[in-house]
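Subject: Structure handover

Hello,

The sequence and the structure follow below. My notes on what was found come after them.

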Amino acid sequence: MSDTVVPHKAGSSAPRAGVASAPWLARLGASDVFYSFRRSRLTMAAAAVTLLFFLIAIFAPLLAVQNPFDPAQLQLMNSRIAPLWTADGQSPFLLGTDEQGRDVFSAILYGLRISLTVGLLGVLFSGTLGIVLGLIAGYFGGAVDSLIMRIADVQLTFPAILIALLINGVVKSVFGNRLDAMSMLAVLVVAIGLSFWVQYARTVRGSVMVEKNKDYVAAAQLIGLPAPVIMLRHVLPNTMGPVLVIATINLALAVITEATLSFLGSGMPDTMPSLGTLIRIGNNYLFAGEWWIVAFPGITLAALILSINLLGDWLRDALNPKLR
Amino acid sequence: MLAFTLHRAIQAIGVMIAVGIIAFSMFRFAGDPVNQIVSLDTPPAERAEVRKSLGLDDPVIVQFARYVGNAAQFKFGVSYQFRQPVTALLMERMPATLELATCATVLAMVFGILMGVYSALRRDTLLAKAFQAISLIGISLPTFLIGILLIYLFSVTLGWLPSFGRGDVVRIGWWTTGLLTVSGLKALIMPSVTLGLFQMTLIMRLVRAEMLEVLRTDYIRFARARGLTTRAIHFGHALKNTLVPVITVAGLQFGSVIAFAIITETVFQWPGMGLLFVQAVQNVDIPIMAAYLLMVSLIFVTINFVVDILYTVVDPRLRSTISGAA
Amino acid sequence: MTEPVLSVRDLQVEFALRRGALRAIDGVSFDIAKGEVLGVVGESGAGKSVTGLAVIGLIDPPGRIAGGEIYLSGLRIDHLPPEDLRRIRGKRIGMIFQDPLTSLNPLYRIGDQIVETIRTHTNLSEQAARKRAIDLLAEVGIPAPDKRIDGYPHEFSGGMRQRVVIALAICAEPELIIADEPTTALDVSVQAQIISLIKRLGRDHGTAVMLVTHDMGVIAETSDRVAVMYSGRIAEIGPVQDVIQNPMHPYAKGLMGAIPTLAGEDKRLVQIPGSMPRLSAIPQGCSFNPRCAFAFDWCRIERPEPIRHGTQAVACHLYDASVKETAA
């Protein structure tokens with residue numbers, strides 16, 4: 001791992017020793033990472049699609065023909081209309097409507113918002129939790145370390161979806177079965193956050209174990225810098241590469257997990273649907289031939305996850321050439 | 001070897017105790033069990049009676065001991081929704097889940113290893129690239145979407161395969177199997193593919209990465225320098241060394257497959273433990289949730305244990321370090 | 001004069017990289033006769049190991065043999081189809097790698113690895129191959145070979161594993177053995193045993209040996225002739241005594257000066273200033289010129305080709321009469 005950040009030693013026979021001693025970010029821009037980014041058209045396309053999804057999510061209210069979360073704007077007489085280009089299509093419902101008269105296109109835009117919000121917050125939560133626990137475990141070692149890593153080991157054997165479902169079920173039983181949509185969103189973020197912290201913690205802990213024995217940490221300790229400062233300012237930056245890779249891949253996983261929970265009926269409610277909720281609703285109408293209610297949210301979700309995954313894959317390969 | 005086995009066994013028991021505490025905490029503290037049993041207008045005296053009869057007034061440690069004692073005899077209490085013993089509910093559904101998970105794992109192993117080996121050995125061919133693309137899609141498409149897609153194709157459009165249920169099952173003792181009837185086998189196809197696809201992707205990627213790694217090692221280079229045939233090098237030396245970590249991962253994944261079956265079973269309304277669990281989560285049926293957690297953990301821990309032991313049988317290096325340490 | 005076992009003519013090896021091709025070997029020529037040990041010495045990166053790999057046909061992409069010819073007992077082998085080359089490897093050319101700890105497949109018994117190799121190259125039955133494997137293990141000095149044959153590699157020490165590797169290299173009685181730093185990874189006490197083993201096997205079977213090492217001491221002990229390599233070229237080649245006592249190339253002079261001797265205690269050990277150029281930045285003219293104390297203008301312009309001087313051949317303008325005249 002460290003060879004991605006430590007500058008090449010002078011006189012090494014590596015052909016690309018020219019990019020020595022520049023800071024990490026400058027290296028990122030100047031070197032192989034950027035090269036491989038430009039070289040891979042697929043990655044560039046994935047980046048563009050991801051960006052597009054984020055923009056769509058941000059500007060959803062400007063693009064949508066209705067606010068699908070507002071029951072007052074939905075009319076039952078508009079229910080189950082086929083997409084615009086089919087014989088039964090009706091303007092302005094580009095991708096048709098569902099059984100409540102909700103415009104599928106608008107619902108997707110808003111659903112994307114929910115999915116990405118839960119995903120990003122989940123990643124942020126799990127990342128923060130994992131990094132902090134990893135730093136603590138790695139820096140202090142001993143009993144604290146073994147306790148944290150034992151929990152991590154045990155949790156790692158269980159799939160995240162199971163843990164998220166359990167957390168979900170427990171929260172429901174404590175707070176009652178009917179939570180409002182925003183609280184449900186918070187529950188999802190917590191459930192996802194608690195399911196995905198292990199990988200960050202392990203990676204950060206590993207780097208800390210390596211870094212803390214190096215001379216510069218000893219030097220920092222000698223001049224009396226407190227442990228948190230050493231950790232945050234000196235050790236943490238060295239772990240950012242791998243953490244970034246994990247975060248990208250986990251964003252895709254978090255989006256999948258949210259969608260799955262919502263699909264299973266343990267996520268976002270019908271009144272404030274995410275993409276997963278929309279797919280669950282649409283699935284009920286598949287046999288009636290109303291395929292558009294499930295197809296378009298499904299395609300959107302798949303495209304979103306695929307492009308994030310492509311970015312993550314590329315980032316992993318680019319930051320760690322040895323794995324290629 | 002014995003010391004190692006013992007050590008692992010103690011670890012496994014430790015994990016089970018930890019999970020037991022979690023399950024017990026859920027059972028005891030997540031919502032009041034009394035409320036689930038009595039109706040809203042039950043007088044307080046009667047509530048206290050129920051509370052006492054459930055042993056909820058005893059010290060927590062006593063309750064925990066009782067819970068563990070019961071769990072060890074596979075007594076997990078009564079389901080809130082079904083008013084039936086949880087154990088009976090789970091056992092009734094276990095064969096469905098195990099058959100599904102086994103089929104999915106076999107599919108995943110066979111195709112995952114074949115595709116992984118091929119794409120490692122013929123890295124730049126079109127087919128290898130196609131496999132890579134499939135693997136990316138397999139990881140990116142959520143399981144439930146794959147299930148829906150298959151249902152739309154093979155049930156709604158083509159009408160070839162049933163979209164839900166197990167078909168006809170044959171009862172053998174307490175076990176029910178769908179493997180002996182045509183409708184049972186037909187019903188098994190789509191759920192197995194759906195459930196296995198993600199694992200297959202995982203195994204394929206792992207096999208490919210491991211194999212490429214192994215092909216770079218010195219002993220492969222030396223094997224080439226010895227003039228061994230490509231076939232002997234690839235399928236004798238490289239494959240054997242590749243499969244050691246793959247066995248571990250695939251084995252460990254079996255637990256995950258059972259847990260992931262939750263999603264597949266929901267999509268296909270497959271009458272297994274996963275579907276029961278999802279319904280339990282929706283209806284806050286804590287005894288079922290707790291029991292499911294314990295059951296799945298037990299399966300996980302057992303598999304972990306077996307794989308650890310198996311690993312040492314396959315890899316002679318571990319065998320001697322272990323006996324050396326013992 | 002009989003035909004040399006190995007004859008390399010103007011060998012060139014290139015590595016195609018993103019930023020253009022790097023020439024790792026550039027115009028290397030040498031012969032090895034039957035029963036002769038040729039030592040190939042040089043710093044790491046000089047191209048010694050690549051030369052060995054090129055001979056046995058194990059240069060992996062992005063590397064490739066870009067030019068020249070390689071003959072094994074008169075048969076040209078550098079352009080053979082992979083399957084034909086495979087039949088030669090292990091049968092007619094044996095190879096010993098640097099690290100015995102990683103050269104053997106950890107999951108196979110050593111006997112199985114030897115039997116497998118024997119059966120690949122001969123028609124021996126399983127039992128006969130096993131018997132031969134035991135004989136081979138005995139020959140390379142492994143005690144109780146009939147028991148040890150069923151051991152796994154990790155049950156052997158480093159030196160013993162290198163003996164197993166040697167047994168594997170000689171199991172089909174090859175004409176040529178390429179030993180790539182065979183002692184570097186071993187303890188000093190074991191090194192001498194392995195060296196004398198290789199030497200003995202070469203003598204007993206009349207095998208030609210190409211011994212790649214960076215250790216002049218090993219060369220002095222074992223080799224008949226020595227080739228001094230510097231950044232992908234042979235700087236000087238000749239009988240080992242002549243090159244050691246009378247090195248001609250300034251680099252060889254430096255290299256010999258860097259060997260401590262018991263006799264000359266008052267002499268300071270010579271150190272060559274600077275380091276070998278990277279393959280991507282080989283200077284024009286003689287690649288040694290930036291480090292050479294004797295370099296003159298012509299050395300920075302024209303690359304010297306090897307010229308024969310008595311028993312030695314040296315690639316240096318200092319010994320080229322015509323160049324000296326032109327320069328003066």
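Two strands count as paired if DSSP finds at least two bridges between them. Helices (H or I, at least four residues) and strands (E, at least two) are DSSP runs, numbered from the N terminus. This is a predicted model, in which local features need pLDDT of at least 70 and side-chain atom pairs count only at pLDDT 80 or more, while totals for chains, interfaces and linings use all residues. Residues are numbered from 1 along each chain as its sequence is written, and chains are lettered from A and ligands numbered from 1 in the order in which they are written.

Chain C

Strand β1 (residues 6-17) of chain C pairs with strand β4 (residues 63-72) of chain C in the antiparallel sense, over 8 bridges. Within that pairing, C:Glu14 has C:Arg64 in β4(C) as its bridge partner. β4(C) also pairs with strand β5 (residues 75-76) of chain C, again antiparallel, over 2 bridges; here the partner of C:Tyr71 is C:Arg76 in β5(C). The hairpin of β4(C) and β5(C) has 2 residues between the strands, and C:Ser73 takes a positive phi near 45°.

Chain C also holds an open sheet of 8 strands with mixed pairing, in the order β6-β7-β8-β3-β9-β10-β12-β11. Its edge strands, each pairing on one side only, are β6 (93-96) and β11 (307-309) of chain C. On average, neighbouring strands of this sheet are turned by 20° against each other, direction ignored. Strand β3 (residues 37-41) and strand β8 (residues 208-213) of chain C run parallel and are joined by 5 bridges; C:Val40 is partnered by C:Val212 in β8(C).

Helix α1 (residues 48-56) of chain C lies across β3, β6, β7 (176-180), β8 and β9 (225-230) of chain C, and runs at about 150° to β7(C). For such angles, axes are lines fitted to C-alpha atoms, for helices over the stretch in contact, and angles run from 0 to 180 degrees between N-to-C directions.

Residues are in contact if their C-beta atoms, placed from the backbone, lie within 7 Å. Between chains B and A, the contact takes 32 residues from chain B and 34 residues from chain A. On the side of chain B that touches chain A, α10(B) gives the most, with 7 residues. By class that side has 25 nonpolar, 7 polar and no charged residues. (Ala, Val, Leu, Ile, Met, Phe, Trp, Tyr, Cys and Pro count as nonpolar, Asp, Glu, Lys and Arg as charged, and the others, Gly among them, as polar.)

Between chains B and C, the contact takes 20 residues from chain B and 25 residues from chain C. α9 (218-225), α10 and α13 (316-325) of chain B each supply at least two residues of the side of chain B that touches chain C, and α9(B) gives the most, with 7 residues. That side divides into 7 nonpolar, 6 polar and 7 charged residues.

Confidence in chain A

pLDDT is the predictor's confidence in each residue, from 0 to 100. Chain A has a mean pLDDT of 78, with 85% of its residues at 70 or more. Confidence in chain A is lowest in helix α1 (residues 24-30), at a mean of 53, and highest in helix α5 (residues 104-140), at 91. Over residues 1-22 of chain A the pLDDT is below 50. Where pLDDT is low, the predicted coordinates should not be read in detail.

Regards

How values were computed: Contact = placed C-beta atoms within 7 Å.
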